[in-house]
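Hi everyone, thanks for coming. I'd like to walk you through a model, strand by strand and then helix by helix.

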Amino acid sequence: MPAIKIEKLDKTYPGDPPVQALEKVDLDVQAGEFVALLGPSGCGKSTLLNLVAGFEQNSSGSLRVDGKEVGKPGPDRGVVFQEAALFPWLTVWENVIFGPKTQGLAAAGYEDRAHDMLRIVGLSDFKNHLPVQLSGGMRQRVGIARILTLGSQVLLMDEPFGALDAQTRLSMQELLLSVWQQLKPTIVFVTHDIDEALFLADTVYVMSARPGRIQARMTVPLSRPRSIEDTTSESFNAMKREILRQIRH
Amino acid sequence: MKRLKKILFGLAVPFAVLMIWQIVGSRENMAGIVPTPLAVLAGWRGWVFGTPGLGLNPYQGTWFSNVQYSAMRVGQGFALAALLGIPLGLMIGWSKLVSQLFDPLVQSLRPIPITAWLPFSIALFGIRDIGSIFLIFLGGFYAIVVNATQGARDVERNLVRAALMMGATRSQLLRRVVLPSAMPSIFTGMRIGLGISWTAVIVSEMVAVKSGLGYVLWDAYYVGRMDIVLADMVSIGAMGYISDRLIVFIERRVLRWRILQNH
């Protein structure tokens, strides 16, 4: 059974005239798969992610995560937001344990895990810092540690590295790949950056705009683990050419 | 050196004003209308440190107790305003139902100046403390409600989504996300509200009770003690300033994250 199963999904925003954001989207994501949704702005890729997260409701079609129809947002689907969306009044540590603490779990049950996750993202020495005292990249790492502590099996990432400088973005991509190799969550990663999609994902879905549709599904042939050198290989460039052709289509 | 210069420059104009006041006030035809700064100081000293109950001066040594009366009323009325205003404001900003129920009432009563409530308040409560506290409460209440409402409405959408994603219930969302997000607005509302509360205490003490800085102000005017009137005005200003600083002091502690953010 796929981790995420999307069938004939439509999303229309009411209005005059109504805006159709997504049309007949079909998508299967296997457990542990790394999927990238790639497309220009306005193609509905963020809308699709918001539907899976439960932040918005679909107009028709079906959307199942682990066999259950998606209703409300929940800890099974962790979201990493574009601007991290950390609580600015809480320290890094308090942000990371917000989920389990809010759910009323016993501290013994999540504190070790939270320490581990902060170590994995390299922020063990920043537990008592406030988000405003961190750089953009570090804030995103807190955002990642937070949903890993939450124990989400599905990670939904909405252009999480889009606002970072090129160097920080690369190190964040490598960090994300290493986290994924260690914990094997299912990841749906929204981006408009072709290189990013190809470097990270097993499968890239190319979307087109107005109405948002899946235009092509492509399997990335690069072997794992990947390194930055792979992004200059012949097969990488061939895929990139193909996607460019699809987008300009 | 730079600091000293800044302080000297800041004191120059007020000092000049005091000097002119002293000179003009010393002219014979001004006597009894505008007492000189030195006369105000002398009157004030008697008001603060004099022995009460002696002679024909009813104000001797009553300053502390009058300040205390006014401060207590402001404290009580303002505390009540914050206690009711903050939760109500948050709920109006957060819940459509509460907004539909209460916002029209708040918005339609808000334009009535607190001074217009005076006769009604006296009729309702009589010449007693509670009438004054009621007016102070009203003075602080609207500013606090309106700002708390705005704060709750301005909560960042992604913070709400993040909390829901992590399993927060609606009431947890209100306490752990909406309340702290709205805190800067709430403090703004409290500072504005406190200023209005001080206006309310003076007005109400002039009419509705027989003690406090507002009562002394009006009483001293009636018996022609302009030195006490002016000393009283300065006292009110000082109390307003001190209580505002107190809120700013608390705000700096509570909103450390916010202060760091703005630097």
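Let's begin with one residue pair: the bridge partner of Ile4(A) in E2(A) is Val29(A). Before I go on, a word on the source: this is a predicted model, where local features need pLDDT of at least 70 and side-chain atom pairs count only at pLDDT 80 or more, while totals for chains, interfaces and linings use all residues. Residues are numbered from 1 along each chain as its sequence is written, and chains are lettered from A and ligands numbered from 1 in the order in which they are written.

Element names come from DSSP runs, numbered from the N terminus: helices are H or I with at least four residues, strands are E with at least two. Two strands pair if DSSP finds at least two bridges between them.

Now, back to that pair. Strand E1 of chain A, residues 4-13, is joined to E2(A) by seven bridges, and the two run antiparallel. Their hairpin has five residues between the strands, and there Gly15(A) takes a positive phi near 160 degrees.

E1(A) also has E4(A) as an antiparallel partner, through five bridges. Here Lys5(A) stands opposite Arg64(A) in E4(A).

On to the interface. In chain A, 22 residues are in contact with 15 residues of chain B, contact being C-beta atoms, placed from the backbone, within 7 Å. On chain A's side, strand E6 (77-80) and helix H3 (98-102) are the elements that give two or more residues. By class, that side has 14 nonpolar, six polar and two charged residues. Nonpolar here covers Ala, Val, Leu, Ile, Met, Phe, Trp, Tyr, Cys and Pro; charged covers Asp, Glu, Lys and Arg; the others, Gly among them, count as polar.

Finally, chain B: helices H3 (residues 63-94) and H6 (residues 129-153) pack at about 30 degrees, with their axes 6 Å apart. Axes are lines fitted to C-alpha atoms, for helices over the stretch in contact, and angles run from 0 to 180 degrees between N-to-C directions. That makes H3(B) roughly parallel to H6(B), a label for angles under 35 degrees.

Methods
Contact = placed C-beta atoms within 7 Å. Parallel < 35°, antiparallel > 145°, perpendicular 65-115°, else oblique.
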